[in-house]
Structures are given as structure tokens and as C-alpha cells.
Amino acid sequence: MKRIAGMLLVVLGVAGVLWADSALSITGAGATFPYPMYSKWFDEYHKKNSNLEINYQSIGSGGGIKQVTEGTVDFGATDGPMNDDQLKAYQDKHGFGILHFPTVLGADVPAYNIPGVTSELNFTPEAIAGVFLGKITKWNDPAIAGPNKGVNLPANEIVVVHRSEGSGTTYIWTDYLSKVSEEWKTKVGKGASVNWPVGLGAKGNESVAGTIKNTPNSFGYVELIYAIQNHMPYGRVRNSAGAFIKADLASVTAAAAGAAKNMPDDFRVSITDAPGKTAYPISSFTWLLVPAKFSDATKRDAIKGFVKWMLADGQNYTEALSYAKLPKEVVAKELKALNNVQ
Amino acid sequence: MATTTTIVPSAGPVAGSRSFLSRLREGDEIARMFTFLFAASVVLITVLLVFELWQGSVLSRHKFGFNFFRTSVWDPIFEQFGALPFIYGTLVTAAIALLIAVPLGIGAAIFLAELAPARVSDTLEFFIDLLAAVPSVIYGVLGIFIVVPLMRQYVQPALKLSLGFLPLFQGPAYGVGFLTAGVVLAIMVIPYIISVSREVLLSVPRDQREAALSLGATRWESTWKVVVPFARAGIFGSIFLALARALGETMAVTMVVGNTPMISSSLLSPGYSIAAVIANEFTEATGQLHTQSLIELGLVLFILTFILNGFARLLIVATSKRGSGMGHV
């Protein structure tokens with residue numbers, strides 16, 4: 001008995017020393033869309049800084065904003081920037097503000113399944129908004145057929161598919177529709193979940209993709225990464241310069257570059273429908289939410305160290321995972337803004 | 001109940017004759033207090049749950065009042081919330097599930113308990129218990145990849161062709177919708193009905209069957225007219241267990257119901273359920289009112305379950321009074 005107890009004590013002691021030595025643990029929560037990227041980053045960063053462990057829960061952007069405001073996590077992450085009310089709520093609760101740091105770029109693409117149509121379709125903003133408002137109901141509607149000369153579009157009813165759960169993907173999609181359609185803006189608006197005028201709801205990118213694949217004459221949206229990784233066909237979208245652009249890493253970065261010139265100091269910017277000849281119009285940043293003040297200096301330095309690394313070496317990991325890199329101008333601006341974290 | 005108190009000496013006159021201290025020393029009193037605490041914790045948890053739901057939905061209860069149950073717009077952007085389509089979807093999908101699962105489940109239970117050889121019955125019971133333990137997300141995936149395409153390609157067109165004149169089977173066949181959700185739910189709850197009903201049927205005393213047979217009843221007559229009525233309360237119990245599961249099911253429903261807050265007389269049309277919308281929107285709900293409306297939906301689901309369970313109790317009481325010697329299982 002005594003020997004066992006002794007051994008147990010030794011084991012506990014060793015475990016305690018190891019545990020104490022693993023030192024700093026930082027927690028974050030929020031957006032699901034950049035989760036594959038973040039988990040790769042945190043993993044790589046941990047390899048370089050073995051005494052720092054960053055735990056990230058991908059609970060959704062809304063949850064991330066909520067938790068960082070409550071103060072239950074050290075940092076948050078979101079696909080849609082915090083609005084003024086949310087910033088004020090944070091300021092009121094903590095006495096200092098919270099900063100947005102763009103990390104990578106993503107995009108939504110229009111995906112479809114039309115029996116007999118294998119070519120890449122061209123979509124105008126009016127056509128996409130019309131379909132999602134329930135005004136365009138057939139594939140051979142002139143608004144869709146117009147820019148797709150030579151494609152034999154059937155006279156079938158369009159089955160609209162959207163995300164059922166609140167998501168950053170939906171935020172980007174509805175943000176875009178609000179910009180290109182006045183009617184969408186006043187009737188539906190933008191948000192992580194909205195009151196859809198038409199369509200079926202499917203849970204998650206996988207489910208939207210599955211529903212589109214299984215349902216003839218369907219039309220929906222998925223994240224670019226998802227479409228690329230699953231070899232889904234998706235259409236080109238006409239940008240503000242009038243060119244039909246296919247979403248890829250270059251055209252998404254181009255959208256960010258167009259917006260980089262007038263980037264506001266707080267980085268809360270929407271780059272949907274961005275200017276630029278080669279810009280893909282349904283693109284977006286995704287952000288880390290970092291409090292402007294830390295009471296714990298080691299935590300502050302650790303987070304600042306990570307953001308610095310993420311903006312430099314970290315950006316090299318993005319393209320392997322089909323996320324678009326931040327433009328140089330944005331990186332430079334973020335490094336400056338990092339000094340505001342105290 | 002009168003007979004049981006004389007058998008168990010911890011309560012009633014026998015126990016009362018010993019002093020409290022001696023009962024404490026012998027452990028009876030300690031056991032009684034502890035088990036009472038455990039039993040009371042159930043009530044405590046329920047009260048706490050209702051209290052939390054009530055507290056958490058202050059804003060939406062005040063803003064919408066009774067209109068929450070009457071309106072059918074669910075708009076997180078313009079902050080208009082009405083629960084009607086979700087209540088409707090929850091009830092309709094659960095009703096379809098029971099309509100399918102009850103006859104199938106009870107039929108199977110009768111076969112396993114009364115007619116099948118013991119070895120077959122036990123083997124099948126193993127599989128049924130296995131089915132009952134499958135996580136619901138698996139049923140959801142099964143629903144998306146097997147049930148939905150089957151429904152869209154074969155079942156729904158056939159229903160439209162044969163029964164399309166009824167308002168129940170009109171509109172486009174998407175594959176997803178009330179009917180599909182009901183079917184998937186039925187598959188999920190059948191194991192519960194079979195498993196519990198079989199146990200109840202097996203526990204019917206042998207002499208009941210023997211008496212019926214000795215009076216000249218056939219095997220089926222003794223089963224249908226004596227054994228099943230004897231086990232009625234227990235069978236009802238299994239149905240209500242299934243109902244509770246169907247009402248609260250989240251993952252499997254959201255994967256096949258279409259997630260559209262819509263009230264439609266057609267079972268082919270997409271719909272939504274309370275549990276599904278809570279699961280879908282809670283994590284990304286940023287506005288106070290949105291979050292609180294979702295919590296109020298939770299309260300509504302609780303009340304709904306409460307009312308249905310109340311009805312169930314009444315039904316059992318009503319049916320067991322009419323016959324004699326029933327409802328004792």
C-alpha cells in the first residue's frame with residue numbers, strides 16, 4: 001500500500017511540475033469559417049513557442065463576440081465586424097475598447113446543379129438577388145440566360161438553398177446582396193441569420209453542398225475553400241467593373257487590395273462588391289478581436305507576438321488551405337495598429 | 001399500495017414504532033434521507049430549468065407577449081419573432097412519426113414477446129437496443145443520403161400522383177420536409193416502442209394467458225384480448241417516451257426538415273421545428289432579443305412537452321378505469 005501511495009505521489013509530483021512548466025495558456029473563441037487556418041497557425045506557433053498554448057473554440061462569430069465581451073476568453077474571432085452597438089457594449093463593460101485584426105480572406109461562391117448544364121455560368125448581381133428574393137423563379141429567365149449565351153438553360157423551377165444556422169458565410173452573402181440590391185437591403189438585410197424570402201435551409205457547408213448535389217435545378221452558396229476542396233462547380237459573378245470573375249485566391253486578394261487604399265483605422269470594412277477590374281465581388285476579411293488592454297502583461301505580449309508572427313510567417317500557410325493572403329498594405333497597417341494593444 | 005407498505009418495514013406503522021434514533025443507528029433513516037434528497041433533486045432541477053428559461057426570456061416575453069404564439073414571422077435582422085411555424089412543425093413531425101412508429105412498433109413488440117421463439121426474440125432485441133443507442137446525427141446523415149433522395153424520386157411523386165387531390169400532398173417534391181422528418185423520426189423512435197412494449201408484454205403474468213387459453217381462446221385472441229389490454233399502461237408509456245424523443249429531437253430533424261419557418265397544409269413542404277431552430281441560431285445570435293426569443297422557444301417546448309405528458313397521464317387514468325385489473329404494470 002505504502003509503495004503504491006509513494007509512487008502515486010511521485011507521478012503526481014512529476015505531472016504537477018510538467019503542468020506548471022507548460023506555463024501560458026490563452027483561449028479564444030469565435031468564427032468557424034477560418035477555423036482550419038487558425039488551428040494550423042496555433043499548432044505551428046506552438047511548435048516554435050512550446051511554452052505557449054492557444055486554445056481556440058470555433059463556436060461561431062456571434063458566440064465569439066459574446067464571449068470576448070463577457071471576458072470569458074482572451075480574444076475573439078468573427079467573420080462580420082462588430083457593429084457600433086456591440087463596440088459600445090464592450091467599451092461600457094470594460095472601460096476600454098476592442099480592436100479588429102484581419103487575418104485572412106475568404107469568399108462565397110454561387111453553386112448550382114442544373115441537369116444537362118456543365119459549363120460555368122455567369123451571374124449578374126441582379127440575377128442572384130432576384131433568385132434569392134424569389135422574383136426569378138426559372139432557370140431560363142432572361143436575367144440568367146442573358147449573360148449565358150449558348151447555354152441551354154431549362155425552364156425548370158429554381159430550388160434555392162441557403163444555410164439554416166447562423167454563419168459567417170451567410171453574413172458575407174447577405175452583405176453582398178444588401179449592397180447590390182436596394183430591395184434586399186430594405187426587405188431582408190444582412191446578418192449571420194436572416195429571414196429568407198425563399199428556399200430550403202441546410203445545416204453547414206457540407207449540407208448545403210449535399211443538398212445542391214442531390215437536388216436538380218438547385219442554386220445556393222458555399223465557401224470558396226469548400227467548393228475547391230470538394231470539386232464543386234460554381235459560377236462567375238459580375239463585379240463592379242463589369243467583368244465576370246471566377247473566385248480564386250488571386251481574385252479574392254485583388255478585392256482586398258482594392259479596399260486596402262481606403263482601409264479605415266479600425267479595419268472594420270466590408271469588401272463585398274469591391275472596386276477593381278479583377279476583384280471577386282463576394283469576398284470578405286475575417287477578423288481576430290483583441291482587447292485594447294490586458295491586465296496580464298505576459299498574456300498581452302504572447303498575443304501580440306502571435307499576431308506579429310501570423311502577419312509575417314503565418315501568411316505563408318494560407319494558400320495551402322485555400323485562404324487568400326492579406327495584401328501588404330493591410331499587413332503594414334495592422335503592425336502599426338498592434339501598438340495600440342496595451 | 002396497501003399491500004406493499006406491510007412488506008417494506010421502513011415506512012408505515014412498523015417503522016413508526018421504533019424511535020428515530022434507533023432507525024438512524026440502523027441506517028434506515030440515513031438511507032431514507034439520502035434517497036429522498038436524490039428524488040427531490042429531480043424536482044429541483046425542473047424548477048431551476050423553468051426559472052432559467054423564464055428569466056432568460058424577459059425581453060421577448062415583454063415585447064411580444066401572447067403574439068409570440070400567434071405570429072409566424074421570424075426575422076433576426078428586423079427583430080420580429082413569432083413561434084407559430086416552429087410549434088406547428090414540431091407537432092406535425094412528431095405526429096407523423098408516431099402515426100408510423102406506433103403500429104409498427106407495437107406489432108413488432110407483440111411478435112417478439114408473444115409469438116417468436118425466445119432465441120429469435122432475444123437476438124432481435126439485441127439489435128433493437130443497438131438501434132436505440134445510435135446517435136441521432138447518424139440518423140440525420142442516413143436521412144440526407146438515403147431517405148431524402150428516395151422521398152424525392154419515388155415516394156413523393158407517387159403520393160402526388162395517387163393522393164395529390166388532398167391538400168396534404170401538394171406542391172413541389174423537394175425530398176426534405178415535414179413528411180421526411182416524420183419518417184426519419186419514426187425510424188428513430190421505433191426501437192424505444194418495441195423495446196419497452198416487449199418488456200411490458202413479457203411481464204404479463206403467465207396465468208392470464210393460460211386462463212384465456214383454457215377458456216377456448218386462440219393464441220391470437222389471448223394475445224390481443226387479454227395480454228395487450230393488460231399491458232396497456234406500459235405500452236402507452238413506451239409511446240409517450242417515443243413522443244418525448246420526437247418532440248425534442250434536434251440534429252436528425254434539422255438535417256431533413258428543410259429549415260424553413262413555414263406553415264403549410266402540405267406534408268411535402270419544408271418546415272422547421274423548435275429544437276432545430278434553437279440549435280441552428282443560438283450560437284450566432286448576437287442581438288439580445290434574438291437570443292431571448294430562442295430561450296423563450298425553449299420554454300415553449302418545455303410547456304408543450306408538459307401539456308402532452310399531462311394528456312398522457314389523463315389518457316392512462318381514463319382507459320385503466322374503464323377496464324378491470326388494467327394499468328397495474
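Guide: Let's start with the domains of chain B: the centres of domain 1 and domain 2, taken over C-alpha atoms, are 34 Å apart.

Visitor: What makes these domain 1 and domain 2 of chain B?

Guide: The assignment gives 2-56 as domain 1 and 67-328 as domain 2 in chain B; such bounds come from an automatic or database domain assignment. This is a predicted model, where local features need pLDDT of at least 70, side-chain atom pairs count only at pLDDT 80 or more, and totals for chains, interfaces and linings use all residues. Residues are numbered from 1 along each chain as its sequence is written, while chains are lettered from A and ligands numbered from 1 in the order in which they are written.

Visitor: How many residues of domain 1 of chain B are in contact with domain 2 of chain B?

Guide: Four residues of domain 1 of chain B, in contact with five of domain 2 of chain B. Contact means that the C-beta atoms, placed from the backbone, lie within 7 Å. The domain 1 side has three nonpolar, one polar and no charged residues (nonpolar: Ala, Val, Leu, Ile, Met, Phe, Trp, Tyr, Cys and Pro; charged: Asp, Glu, Lys and Arg; polar: the others, Gly among them).

Visitor: Why is Val50(B) called partly exposed?

Guide: Val50(B) has 14 C-beta neighbours inside 10 Å, so it counts as partly exposed. Buried takes 20 or more other C-beta atoms within 10 Å, exposed 12 or fewer, and partly exposed is in between, with C-beta atoms placed from the backbone. Val50(B) sits in helix α4 (residues 28-56) of chain B. Helices are DSSP runs of H or I, at least four residues, and strands are E runs of at least two, numbered from the N terminus.

Visitor: What span is expected for helix α7 of chain B, and what does the model give?

Guide: Residues 84-115 make 32 residues, reaching 45 Å from first C-alpha to last, close to the expected 46 Å. The expectation is 1.5 Å times one less than the number of residues.

Visitor: Where does α7(B) bend?

Guide: At Ala101(B), by about 30°, with Pro103(B) following within four residues. The bend is the angle between axes fitted to the seven residues ending there and the seven starting there.

Visitor: Which part of chain B has pLDDT under 50?

Guide: Residues 1-13 are one such stretch, with seven contacts beyond four places in sequence. pLDDT is the predictor's confidence in each residue, from 0 to 100. The chain B mean is 87, with 92% of residues at 70 or more.

Definitions and conventions
Two residues are in contact if their C-beta atoms, placed from the backbone, lie within 7 Å.
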